[in-house]
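Subject: Handing over the two-chain model

Dear colleague,

I am passing on to you the structure we spoke of, together with its sequence. Please look it over before reading my notes.

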Amino acid sequence: MTIALRAGIRRGLTEFGISLRTPADVLFIVFGLVIVGVVLWLNRDAEAAPGAPLAWFILPSILTIQLLFVTAYGLATVIVTEREDGTLLRARSLPTGLPVYSVGVTARTLAELVCTFVPTLAIAAAVLGGALGLDALGLATVLAMLVLGTVALLPFGFVIGTVFRNPRSVGGWGFLAVGAVAFASGLIQPLATLPAWVQPIGLALPLFWIGHVLRGAFLPAELGTLEFGGGWHFGLAFAIVAAWAIVGLVLAPHLLRRIARRETASAIELRRQAALQRI
Amino acid sequence: MDADAVVEVRGLRMTYGARTVLDGVDLRLDRGEVVALLGPNGAGKTTTIEVLEGFRQPTAGEVVVLGEDPSRAGDAWRAKVGVVLQSWRDHARWPVGQLLEQFAALYRPFAVAGGQGPYGVDELLELVGLADRRRALVRSLSGGQRRRLDVAIGLVGRPELLFLDEPTTGFDPVARHEFHELIHALSDFDDTTVLLTTHDLAEAEKIAGRILILDEGRIVANGSAAELARAMAHSSEVTWREDGVRHVHSAAEPEAFVRELLTRREVEVTELQVRAQTLEATYLAMVARHETAATAAASASDRRPTNEEAR
């Protein structure tokens, strides 16, 4: 098992290295970071409350949306594409191929996350002149929630990638879905200002709670009054995100095995023919 | 089960809804055999191979491959089986050498003590004629090169049993010849058992010791090319030149005819050739025979001995 783990990590890092040498992939990451920089720059002097820059509100939302984007959307896109081109079936034809493949895409996604968060925080620190509003405890809280959030969202990347069959539809609709989830989770505007019927959806999703904890770490304690429910609920937030993590970890391996079992060369050939006909 | 049997299948059936793809297939492969599975498109060749590879669960029947049920076998079993499927497009962005290295590493934990373990990448690339493409990206390979990489991936773990689904599609004649040599070497020196499907009948005749013809979900013929030809009761073609005139004769037993021909004192026979029934003719006849009774009757009467022809 440790051999499969090591092979998977090596595979994931190789994939990521290949990605870094692919102009389109690099451009995608750079483009995202430029947007982050611009948004923070435009709001560099605005204040949410005396002594609390608006950027401290915005940055937690940015990190949470990035987390959602890289884990759920990015991972799903990779899996659905590699299912179509036969990578998944190839994995099936090799000893320990599926575990190695799963570890591989996970490692690749983690590398992508690191290469997204680190520059984002660096850009934020540069734009805000070093003032991120984080003490040591705050930084530890941010890291803990990002790790737990990753564990909670990664399995859903697998689930989405295995449920849908067409890479092009995941690319398009997935983009919209990411936006909708971000909105419903109070990452674009505060949850309290959303229509009443959206609020329960936001509260049920892990994204609101990830954003909640990150805001709590960046913002002064007294600004908890602006939060939904009028205070910081770190314990509840960690519990809800952990619950999502457990559900995902139970569900994802089962689903991945199921679709891999159904994957055959003839099915891939059929899809290839269909894809050729669309062009 | 026989100890020598690498693959043993009894009563294999596969249905998709109302459509029957395999209808009671029995087959057996012994260690070191090279067997070609022929048949028209849609006859069930790929389905059969996919069942044996463990990628498909059959509707009914008993399937034992290397002593296990392929649909349930684990990684140790998987490490003994090489798979080359049709039309791979995966790992397009990987360099050839790095991809093979990654796959070879997966076989290392399963190497038998005292065994050779997986192939080294250089040796393997040399074997399939891609030595100069080690650093190339997979997507930059030509169709034939890509196919050879697929064969290399199928071989990387030194499998006991190798499945090849139309392996030589897109090969040029040189690559094809080298591939045939490779298969011969595998079965002769490493005792690898090979099951391949192909549409190239000359290829099947050349590399396979035994040929299975699958038609409409059933095995309709099983034997060497010569045995199949004999089963169809077709004759060999004897041509020779006699006093400057070319003659053609079809004989069911060419040996007797040639002996008689050469004992004739009065004529001088030159350029004598005896050509066995081609597998193509046998194949076409066999498939036709099983298609409809009417066509079978027609194709049989086609092949009456021809008389001499002068040029």
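This is a predicted model: local features need pLDDT of at least 70, side-chain atom pairs count only at pLDDT 80 or more; totals for chains, interfaces and linings use all residues.

I begin with what the record says about chain A. In an unreviewed entry, UniProt places the feature "domain: ABC-2 type transporter transmembrane" at residues 26-218 of chain A. In the model that span is 78% helix and 3% strand, and its end C-alpha atoms lie 29 Å apart. The UniProt annotation "transmembrane region", again from an unreviewed entry, covers several stretches of chain A, including residues 100-129 and 231-252. Over residues 100-129 of chain A the model is 93% helix with 0% strand, and the C-alpha atoms at the two ends are 43 Å apart. Residues 231-252 of chain A come out as 86% helix and 0% strand, with 34 Å between the end C-alpha atoms.

Turning to the contact between the two chains, 29 residues of chain B touch 30 residues of chain A. The area buried between chain B and chain A is about 2800 Å², and carbon and sulfur atoms give 57% of that area. On the chain B side, the residues that lose the most area to chain A are B:F55, B:R89 and B:R93, which together account for 26% of what that side buries. Three salt bridges are counted between chain B and chain A. A salt bridge also joins the side chains of B:D150 and A:R90, with an N to O distance of 3.1 Å.

The structure holds three cavities of 30 Å³ or more, and the largest cavity has a volume of about 70 Å³. Residues of both chains line the largest cavity, among them A:R11, A:R90, A:Y101, B:H91, B:Q102 and B:F103. The elements giving two or more residues to this lining are α4 and α5 of chain A, together with α3 (96-107) of chain B. By class, the lining of the largest cavity divides into six nonpolar, four polar and two charged residues.

Which residues lie nearest the centre of the largest pocket? They are A:F28, A:F69, A:Y73, A:G74 and A:E112, out of a lining of 44 residues, and the space in this pocket is about 1400 Å³. At least two lining residues come from each of α1 (2-20), α2 (23-42), α3 (55-84), α5 (97-127) and α7 (167-184) of chain A, and α3(A) gives the most, with 13 residues. The lining of the largest pocket has 24 nonpolar, eleven polar and nine charged residues.

The second largest pocket holds about 970 Å³ of space and is lined by 39 residues, of which A:L98, A:P99, A:L256, A:R257 and A:A260 lie nearest its centre. Its lining draws at least two residues from each of α4 (87-93), α5, α6 (136-163) and α10 (234-262) of chain A, and likewise from α2 (75-78) of chain B. The element that gives the most to the lining of the second largest pocket is α10(A), with nine residues. That lining divides into 20 nonpolar, ten polar and nine charged residues.

Side chains of opposite charge can pair when their charged atoms come close. Over all chains the structure holds 27 salt bridges. One of them pairs B:R13 with B:D23, the closest N and O atoms being 2.7 Å apart. This pair links distant parts of the chain, ten residues apart, with B:R13 in strand β1 (residues 5-16) of chain B and B:D23 in strand β2 (residues 19-30) of chain B.

With kind regards

Terms used:
Residues are numbered from 1 along each chain as its sequence is written. Chains are lettered from A and ligands numbered from 1 in the order in which they are written. Side-chain values use heavy atoms; hydrogens and water are left out. On a 1 Å grid over the protein atoms alone, a cavity is a set of points where a 1.4 Å probe fits but cannot get out, and a pocket is an open set with protein on both sides within 12 Å along at least five of seven lines; lining residues have an atom within 4 Å of a point. Grid points are joined across faces, edges and corners, and a volume is the space filled by probe spheres set on the points. Helices (H or I, at least four residues) and strands (E, at least two) are DSSP runs, numbered from the N terminus. Ala, Val, Leu, Ile, Met, Phe, Trp, Tyr, Cys and Pro count as nonpolar, Asp, Glu, Lys and Arg as charged, and the others, Gly among them, as polar. UniProt positions are given in the numbering used here, feature names are shortened, and annotations may be inferred rather than shown by experiment. Contact means heavy atoms within 4.5 Å. Buried area is the accessible area (1.4 Å probe) that two parts lose on being put together, summed over both. A salt bridge is a side-chain nitrogen of Lys or Arg within 4 Å of a carboxyl oxygen of Asp or Glu.
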